[in-house]
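Hi,

Here is the structure I promised to pass on. Please open it alongside this email, and I will walk you through what turned up.

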Protein chains: 2
Amino acid sequence: MPLHNEILDALARRKSVRVFTDAPVTGEERAAILEAAFQAPTAGCQQLYTILDITDPALRARLADLCDHQPMIAAAPLCLIFLADCRRWPRAYRAAGVTPRDPGPGDLLLAVADACIAAQNAVTAAESLGIGSCYIGDVLENAEAMRRALDLPAHVVPAAMLIFGRPTPQQKTRPKPRRFAAGAVVCENTYKDRPEALLRADFAAREDRPDYDFDADLQAFCARKYDSDFSREMSRSAAVYLQDFLPGPQQE
Amino acid sequence: MPLHNEILDALARRKSVRVFTDAPVTGEERAAILEAAFQAPTAGCQQLYTILDITDPALRARLADLCDHQPMIAAAPLCLIFLADCRRWPRAYRAAGVTPRDPGPGDLLLAVADACIAAQNAVTAAESLGIGSCYIGDVLENAEAMRRALDLPAHVVPAAMLIFGRPTPQQKTRPKPRRFAAGAVVCENTYKDRPEALLRADFAAREDRPDYDFDADLQAFCARKYDSDFSREMSRSAAVYLQDFLPGPQQE
């Protein structure tokens with residue numbers, strides 16, 4: 001029998017919410033969501049992130065456009081962007097009279113982890129208040145325009161974007177998409193590729209419908225997601241952000 | 001009055017635990033922790049991670065050495081490594097007869113986010129069972145040796161490492177380090193640097209002790225953390241992992 005308690009059950013139940021009622025997220029709720037983010041584990045207690053609370057309707061509309069044209073971003077009661085911030089601490093070092101090294105890719109990945117760990121605490125806190133949420137991975141796209149829209153300086157990179165609000169009845173009853181079984185994503189000790197027959201079985205088990213066609217489904221998913229324009233744009237854009245963190249000729 | 005409920009209070013209370021009692025993490029508890037990770041939000045429901053459960057004592061000892069020589073890694077009752085996995089889905093695409101593009105830096109950052117979001121659900125689940133945890137950022141270091149130790153193929157990158165166990169009485173009573181006030185890490189709409197006077201005040205407010213000396217403290221922290229050998233190694237090592245994701249002459 002799997003273990004149960006209020007928190008495990010809440011984590012299991014939580015699913016992404018993309019359509020919200022008109023009910024606002026109150027100031028108290030917003031404060032509780034942010035406080036949960038701050039209280040998340042953070043490398044060396046540095047909080048290597050800055051959180052943008054996007055309240056300006058014009059900026060919301062711009063973000064909806066920049067993030068693969070998703071109007072729900074403009075409509076959501078609350079919208080937070082978690083920025084991996086490799087700038088605050090070096091600024092403090094310089095204020096203290098130290099000339100620190102330039103941030104490198106290790107600093108970026110550590111800050112991205114910090115930001116995402118904090119973001120997930122915000123998600124769990126919101127859920128406990130009856131407030132649904134959805135990550136918007138597209139915040140990584142369009143680096144140049146995003147930097148202008150958010151006034152991002154060098155060494156500050158969008159790691160996660162979240163929209164929050166109360167789920168509509170349809171969103172509440174929508175089934176949560178099934179995950180892979182543990183054997184598909186957990187290895188003991190070292191990384192092992194799943195042999196192709198098991199890989200196919202992993203995907204089929206997740207779908208659990210009689211008409212599932214692995215080849216057709218993966219072909220369609222690849223075209224729609226992985227080989228899509230927005231996915232290619234995400235990698236182009238991420239490379240622009242990375243330039244700040246790479247030594248040598250990339251940095252002009 | 002801040003909002004309270006069982007989940008908000010648990011997130012606020014949770015602090016890192018680095019010293020564990022001998023009590024094991026049971027199979028049921030391990031299953032509940034992993035299940036919470038799987039149930040986390042994930043981009044396109046892809047679960048862009050593989051979780052390594054490190055059970056081999058010799059491998060644990062090796063990891064303790066590779067992660068800045070921290071013996072607690074070898075001693076912890078449970079040790080999970082969350083790998084950003086940009087290999088599973090392209091393998092599935094190829095099995096389905098598609099020739100997908102190479103993974104790029106956008107895929108890596110999305111998978112790192114996925115892995116860290118799942119890891120933080122594992123932390124929250126463990127906490128609800130009375131099991132403490134600690135992230136080990138050093139898992140990003142020593143890419144070449146880490147790849148050999150964990151059999152990591154290209155496009156699979158350590159995003160987070162967690163150790164778990166029951167806190168000793170000393171760890172239970174240890175005060176949780178204070179976070180920055182909201183004003184120090186939240187901006188409305190666009191990114192704004194804190195003017196130096198406020199930046200100094202942000203750090204002083206977090207410390208809240210009469211003998212706090214901003215300059216001396218930041219100088220010492222920079223030397224101990226940001227400009228340390230392990231931090232420089234982290235960026236060197238991260239650049240090695242990144243090579244797989246960058247187009248052009250970097251990839252031989």
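Start with the beginning of helix H1 of chain B: there, a side-chain oxygen of Asn5(B) comes to within 2.9 Å of the backbone nitrogen of Ile7(B). Please keep in mind that this is a predicted model.

The helix itself covers residues 6–13, and its buried residues are Ile7(B), Leu8(B), Ala10(B) and Leu11(B). Looking down the axis of H1(B), you will find these buried residues within an arc of 160°, so they line one face of the helix. What do the buried residues of H1(B) pack against? From chain A, their partners are helix H1 (6–13), helix H2 (27–38) and helix H6 (105–128).

In chain A, His69(A) sits in the loop between helix H3 (57–66) and helix H4 (72–75). Its phi is near 55°, which is a positive value in a residue other than glycine. Is His69(A) buried or exposed? With a relative accessible area of 56%, His69(A) is exposed, because the cut-off for that label is over 50%.

In chain B, turn to Asp68(B), found in the loop between helix H3 (57–66) and helix H4 (72–75) of that chain. Asp68(B) is not a glycine, yet its phi is positive, at about 60°. Its relative accessibility is 31%, so Asp68(B) counts as partly exposed.

Happy browsing, and write back with any questions.

Best wishes

Conventions
Residues are numbered from 1 along each chain as its sequence is written. Chains are lettered from A and ligands numbered from 1 in the order in which they are written. This is a predicted model: local features need pLDDT of at least 70, side-chain atom pairs count only at pLDDT 80 or more; totals for chains, interfaces and linings use all residues. Side-chain values use heavy atoms; hydrogens and water are left out. Buried means under 20% relative accessible area, exposed over 50%, partly exposed in between (1.4 Å probe, protein chains only). Helices (H or I, at least four residues) and strands (E, at least two) are DSSP runs, numbered from the N terminus. The arc is that of the directions from the helix axis to the C-beta atoms. Contact means heavy atoms within 4.5 Å. A polar contact is a pair of N or O atoms within 3.5 Å; within protein, one must be able to donate a hydrogen and the other to accept it, and residues adjacent in sequence count only if both atoms are side-chain atoms.
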